[in-house]
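Have the structure open as you read.

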Amino acid sequence: MNPGNETIIRCEKAALRMRINVLRLAHQAGSKGAHLGGCLSIIEIMATLYCGLMNIMPGNPKWRSRDRFILSKGDGSLAHYTAWKHRK
């Protein structure tokens, strides 16, 4: 699948907003162990999946044909939470 320019631009904007949200969430929580490096290192992947490639319908979470994503990198959970917020 070859993403169009609109999809690429949408994913880049989402990645920027996701980075800001990760930093904001970590700061608001007063966390010294937020694993920011782990979160920020997967932002582009999460933005691309959730804003461009994955077949999801946020309004219908029980849709049987939806794509599913399992994150096994616990250090990246803040990035995953922000991806949920910015999903298409």
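Helix H3 spans residues 43-53, and its buried residues are Ile43, Met46, Ala47, Tyr50, Cys51 and Gly52. Here buried means under 20% relative accessible area, exposed means over 50%, and partly exposed lies in between, using a 1.4 Å probe and protein chains only. Helices are DSSP runs of H or I with at least four residues, numbered from the N terminus. The model is predicted: local features need pLDDT of at least 70, side-chain atom pairs count only at pLDDT 80 or more, and totals for chains, interfaces and linings use all residues. Residues are numbered from 1 along each chain as its sequence is written, and side-chain values use heavy atoms, leaving out hydrogens and water.

What do the buried residues of H3 pack against? Their partners are helix H1 (5-29), helix H2 (36-40) and H4, where contact means heavy atoms within 4.5 Å.

Now for the rings: there are 2 aromatic pairs in the structure. Rings of Phe, Tyr and Trp (its six-membered ring) pair if their centres lie within 6.5 Å; planes under 30 degrees apart are stacked, over 60 edge-to-face, and the rest tilted. Tyrosine 50 and phenylalanine 69 are edge-to-face, because their planes stand at 80 degrees, with the centres 6.0 Å apart. This pair links distant parts of the chain, 19 residues apart: tyrosine 50 sits in H3, phenylalanine 69 in the loop between H3 and helix H4 (77-86). Tyrosine 50 has 6% relative accessibility and so counts as buried, whereas phenylalanine 69, at 26%, is partly exposed.

Tyrosine 81 and tryptophan 84 make a tilted pair, with 5.5 Å between centres and 45 degrees between planes. Tyrosine 81 is partly exposed at 45%, and tryptophan 84 is partly exposed at 38%.

Technical notes. Helix = DSSP H or I, 4+ residues; strand = E, 2+ residues; numbered from the N terminus.
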